[in-house]
Amino acid sequence: MHALEAGAAARSAPRPASGRALRRAKAAGRLAARGRPGFRAAAAQTGFAYDPGQRQARAVLEERLPPHLHGWYLWGPVGRGKTHLAQLLFDTLPTDRRVRFHFHDFFRDLHAEITRTRQPVREAIARTLRSARAVMFDEFHVHDVADASFLTSTLRVLEENGTLLIATSNYAPEALLTNPLFHEHALPAIALLTRGLRIVEVPAGPDHREDLHRDLREERHAQPHSGLHGGEHAPPVPSFSSGSWRVIDPEEPAAASGPFPPDTFTFHELCERPVGPHQYLALAERLAAVRVVEVPDLARAERDPLQRFATLVDVLHDRQVPLHVTSSAAPDRMLSAAEPPLDAARTVSRLRSLRRRGRMVSMTAPQHPASPDQPAPSPTPAPPLTAAQIVAHIRFVQPGIDKTSALMLLYFVSGWLEAWHEAPVVDSRFEAWEYGPTDPQAHAEFSSTFPQRLKRGDEDAEVMLTLEVDAVIRWGLGEAAGLRTAAPSSVLIGRARATSAYAETVARADEPPAFASGPDIPPGLLRDCFRELARAVPTGEADGPERPAAEALAEHRRQVQARSLRNQLAERFDTGPGLSPA
């Protein structure tokens with residue numbers, strides 16, 4: 001074995017359980033045994049019709065724990081009743097010294113204890129667990145390195161104290177923190193789980209959460225309430241599923257922006273900023289309901305905002321805080337994202353419980369898939385970029401840029417992308433004005449174009465397209481030549497007017513171009529101009545941007561992963577900027 005591999009294996013191996021820990025594990029087993037009759041009775045009285053997979057898991061929970069184990073780890077797909085069974089088991093334990101945590105809550109409390117006391121981690125863990133004899137962790141998961149380290153210490157404290165542990169998860173132990181770059185950091189925790197707990201799989205089967213939420217929706221519809229008066233129904237207790245998901249037509253005029261009520265936030269504010277579970281927990285504790293507006297089609301959202309949105313849903317669902325969403329698409333579009341968030345299936349299952357309002361597309365897979373004899377329809381190609389998108393991106397990457405410079409860069413982006421792709425990519429139309437080639441609509445809308453990074457999904461082709469746009473902008477601004485400041489507009493105008501597409505259009509015109517108007521630049525002329533330039537750049541006969549290669553895509557992926565890790569660590573150790581209403 002290589003020395004580095006041997007070191008990693010040694011670090012991942014848990015310390016052998018001490019004799020004291022084994023004696024305390026037996027104490028946890030005795031506590032579980034005393035609760036077993038109550039669990040059997042409670043499970044029989046729920047009135048639920050357990051399916052075969054759930055009966056199998058229930059039978060395992062009714063068995064006596066082996067003497068060296070101190071709890072259970074229930075895992076399986078979403079909606080399979082893991083939390084239901086674990087909660088029944090936990091509630092029937094004959095002790096008042098028990099505490100239940102959702103994993104987000106536990107880490108929030110632990111970090112707060114570490115920050116408050118500045119004591120060793122193990123002491124902070126002990127205080128957070130409150131000397132409990134039984135602990136339940138719901139939605140057990142590990143998605144980042146910081147959690148893996150704290151989790152290992154927590155599991156060691158629980159094992160050494162002989163604390164009865166009941167955990168539920170969507171992941172098998174070995175599937176925790178599957179990212180190959182960081183998986184070794186989770187190996188000590190995985191070893192402690194498999195050594196100290198009974199691993200109970202709840203097999204795949206129907207998503208009973210959807211059935212339950214459908215019944216609740218039907219009950220709410222069938223039993224309207226108007227107050228606590230004689231014979232009338234009491235208002236239902238607020239819950240996550242009493243929220244709503246409203247889909248608005250993309251053509252529907254946008255509502256007037258701000259000021260929003262204190263419980264209303266935009267998707268940008270909650271999910272596109274470095275916001276973490278701590279802030280979401282604060283919202284859940286402070287507000288009776290949370291409303292999120294301007295939620296985009298989740299299939300087109302980037303990875304980090306999607307992950308934050310999934311975390312927000314987890315926190316609000318666990319605290320049973322109603323969530324009201326206004327979006328341009330249905331929630332199950334999340335599953336079609338280039339990189340869906342971790343636990344996406346669980347998130348979508350929860351979002352499907354929300355009341356549906358407005359124009360809705362199908363929330364589930366098609367009921368009648370295409371016949372094998374009929375070829376699947378070809379995917380619709382992505383629409384071209386718009387001039388407005390390019391201008392917004394230019395204003396984002398170069399804050400304060402003047403209108404003339406931005407319009408010249410739009411001209412170059414349109415031309416170079418068409419030359420590289422052998423087809424129009426930017427939906428733009430240029431006229432030869434006195435001061436250079438200009439897209440009239442982009443000129444008219446420049447002041448109202450909000451700076452925003454170009455968003456094109458996470459497929460390789462889409463990422464490369466964004467990298468190509470950035471390469472043209474950097475070249476146009478002079479960064480490729482190593483200039484300290486961006487090239488002035490006069491330089492950009494000179495370059496643009498020197499292109500054959502502009503010069504030939506002016507030469508063909510019956511009269512000189514006016515300051516704010518001029519003849520159309522024919523699309524074919526623009527294409528031929530930049531194709532000729534593209535052929536001349538490699539030989540040094542013309543100046544132009546270098547088209548990004550595959551190495552640029554790989555470097556982009558590395559930077560995105562590193563940025564994501566930095567954000568995760570920042571969210572764990574720093575509460576970040578405070579939240580304010582949109």
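1. Helices, as counted in this note, are DSSP runs of H or I with at least four residues, strands are runs of E with at least two, and both are numbered from the N terminus. On that basis Gln320 falls in the loop that runs between helix α12 (303–318) and strand β9 (323–327). The model is a predicted one, and the remarks below should be read with that in mind.

2. As to the overall make-up, the protein has 21 helices and 14 strands, and of its 582 residues 46% are buried. When contacts between residues at least 6 apart in sequence are considered, 81% of them join residues at least 24 apart. The protein exposes about 28,900 Å², and carbon and sulfur atoms supply 54% of that area.

3. Two backbone angles deserve a look. Most residues other than glycine have a negative phi.

4. Asp138, in strand β3, forms a salt bridge through its side chain with Arg100, with an N to O distance of 3.0 Å. Arg100 belongs to strand β2, and the pair links distant parts of the chain, the two residues being 38 apart. Asp138 is buried at a relative accessible area of 4%, whereas Arg100 is partly exposed at 31%.

5. A second salt bridge joins the side chains of Arg195 and Glu159 at 2.4 Å, N to O. Arg195 lies in helix α8 (residues 187–196) and Glu159 in helix α7, so the pair ties together parts of the protein that are 36 residues apart in sequence. Arg195 is partly exposed, with 24% relative accessibility, while Glu159, with a relative accessible area of 11%, is buried.

6. A further salt bridge brings together the side chains of Arg429 and Glu431, with an N to O distance of 3.3 Å. Arg429 is partly exposed at 44% relative accessibility, and Glu431 is buried at 13%. In general, side chains of opposite charge can pair when their charged atoms come close. A search of the whole structure finds 27 salt bridges, and a network of them links Glu113, Arg116, Glu123 and Arg127.

7. Ser428 lies in the loop between β12 (426–427) and β13 (431–433) and, at 23% relative accessibility, counts as partly exposed. If neighbours within four places in sequence are left aside, Ser428 is in contact with Ala387, Ser414 and Asp439. The C-alpha atoms of Ser428 and Asp439 are separated by 6.5 Å, and the two residues are 11 apart along the chain.

8. Leu93 is found in the loop between α4 (82–91) and β2 (98–102), and with a relative accessible area of 4% this residue is buried. Not counting residues up to four places away in sequence, Leu93 touches Leu31, Ala32, Arg98, Ala134, Leu164 and Ile166.

9. On the surface, Lys26, Arg30, Arg34, Arg97 and Arg133 gather in a patch of positive charge. Arg34, one of the members of this patch, is placed in helix α2 (residues 19–45). Its relative accessible area is 48%, so Arg34 is partly exposed; the patch criterion calls for residues with over 30% relative accessible area and no salt bridge.

Methods:
Residues numbered from 1 in each chain as written. Predicted model: local features only at pLDDT ≥ 70, side-chain atom pairs only at ≥ 80, totals over all residues. Heavy atoms only, no water. Buried < 20%, exposed > 50% of the residue type's maximum accessible area, 1.4 Å probe, protein only. Contact = heavy atoms within 4.5 Å. Areas by Shrake-Rupley, 256 points an atom, 1.4 Å probe, with all protein chains shown as cover. Patch = residues over 30% accessible without salt bridge, like charges linked within 9 Å, V, L, I, M, F, W, Y side chains within 5 Å. Salt bridge = Lys/Arg side-chain N within 4 Å of Asp/Glu carboxyl O. Lys, Arg positive; Asp, Glu negative; His and termini not counted. Charge placed at Lys NZ, Arg CZ, Asp CG, Glu CD.
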